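I opened my notebook for a short tour of one model.

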Amino acid sequence: MPESGFHFAHPAWLWALLLPLAVWLWTRLTTPVHDLSRYRDYADAHLLPHLTGVRPPSATAMWRRFLIWTAIWTLLVLAAAGPRWDYRDVQLFRPGIDVMVLLDLSRSMDTTDVVPSRLGRARQEIEDLLRAQSGVRVGLIGFATVTHVISPLTEDGTNLQHQLPALSTDLVQLKGSRVTEAMLRARQVLNGQPKQSTRHVLLISDGDFGDEGYLDVAAELAADGIRIHVLGVGTAAGAPVPGTDGQPLRHPRHGTVISGLNDSQLKAIAEAGNGIYREAGYGEDDTEALLRVFAERGAAEALADQRTRVWHERYQWLAGLAMLGLVPRFRRRRTAGGVAR
């Protein structure tokens with residue numbers, strides 16, 4: 001029968017409440033009793049601790065120490081047991097839409113033919129998608145020469161937005177842009193999701209790729225039910241590619257390196273991947289077009305009469321009290337002479 005009132009999520013932890021008593025009994029039975037009476041013929045009683053190096057604590061101090069540590073231990077055990085007493089019922093949904101975003105982090109994405117830069121424009125496009133992601137699980141992969149999964153598929157768009165400002169081309173050690181590996185990594189992530197969900201890949205790039213075979217991979221993903229959509233970032237005229245020192249990159253024979261939007265290459269990827277191609281603009285038309293495509297067959301459906309109970313955990317209050325009790329235990333004590341001990 002499911003719990004409906006106060007209970008512990010992990011009640012087996014309550015057995016640990018017996019540990020302080022067991023430790024106390026073991027200490028009392030195994031700690032030798034220091035008999036200093038035989039030394040009293042050689043020194044006064046108040047000097048015996050200095051002579052023998054033994055300073056037995058008073059009974060009051062021992063009990064106070066025992067009770068303090070027992071209280072702290074009890075709070076920690078109760079917190080680990082997971083106290084909870086109120087809940088809410090949540091409607092269950094069928095798997096909806098899964099979208100893996102492939103973000104180009106190669107050096108050409110720092111080009112400023114769009115404001116603030118191609119990469120800045122790409123981050124804004126991802127933010128627009130996350131703000132309107134109702135029913136959509138979004139993951140993020142950054143790629144240049146090497147591919148990195150920045151975020152797995154998640155419905156927590158806020159957490160993913162917090163990661164976007166940290167993404168830059170400075171994270172990439174090797175020059176180049178290999179989109180084939182990024183698409184294969186996206187397929188690996190999407191294949192781990194429920195088959196009932198619709199699966200999409202959104203490539204955001206300027207099309208300046210240094211590998212081959214990506215059209216074949218795009219076709220393979222489309223045959224596997226994963227559609228590839230493309231957002232092109234940049235202009236056809238292009239602009240100089242900035243280097244790490246802020247100066248334009250220069251080729252030994254061709255001079256300043258100019259990077260332009262390779263829309264023909266990006267359109268070919270979208271066509272092979274059974275997706276759509278859009279140029280990233282400053283309005284919301286491109287995001288709305290993508291969301292319409294995502295929702296064609298991927299609307300999340302509520303499961304009739306199926307709900308799950310989500311309990312509100314209250315362990316943090318007990319753990320917080322235990323931490324407050326531990327703080328004075330770490331205080332540095334000082335002798336009368338001011339020397340720390």
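**Entry 1: Asp98**

I began with Asp98, which counts as buried because its relative accessibility is 0%, under the 20% cut-off. I kept in mind that this is a predicted model. Next I looked up where Asp98 sits: in strand β3, residues 97–104. Which side chain makes a polar contact with that of Asp98? I found Arg137, at 2.6 Å. I also listed what Asp98 touches beyond four places in sequence: Arg137, Leu153, Leu190, Gln193, Ser197, Thr198, Arg199 and His200.

**Entry 2: helix α10**

I moved to α10, which has 12 residues, 315–326. From first C-alpha to last I noted 17 Å, close to the 16 Å expected. Which residues of α10 are buried? I wrote down Leu318, Ala322 and Leu326. They cover an arc of only 85 degrees around the axis, so they lie on the same side of α10. I recalled the general rule: an α-helix has 3.6 residues a turn, so residues three or four places apart point the same way. Then I checked the face turned away from the buried side of α10, and there I found the exposed residues Trp317 and Leu324.

**Entry 3: two backbone details**

I looked at Pro116, in the loop between β3 and α4. A cis peptide bond joins Val115 to Pro116, with omega about 0 degrees.

My last stop was Asn274, in the loop between α8 and β12. Asn274 is not a glycine, yet its phi is positive, about 60 degrees. Is Asn274 buried or partly exposed? I noted partly exposed, because its relative accessibility is 48%.

Definitions and conventions:
Residues numbered from 1 in each chain as written. Predicted model: local features only at pLDDT ≥ 70, side-chain atom pairs only at ≥ 80, totals over all residues. Heavy atoms only, no water. Helix = DSSP H or I, 4+ residues; strand = E, 2+ residues; numbered from the N terminus. Buried < 20%, exposed > 50% of the residue type's maximum accessible area, 1.4 Å probe, protein only. Polar contact = N/O pair within 3.5 Å; in protein donor to acceptor, adjacent residues only side chain to side chain. Contact = heavy atoms within 4.5 Å. Expected span 1.5 Å × (residues − 1). Arc of directions from axis to C-beta.
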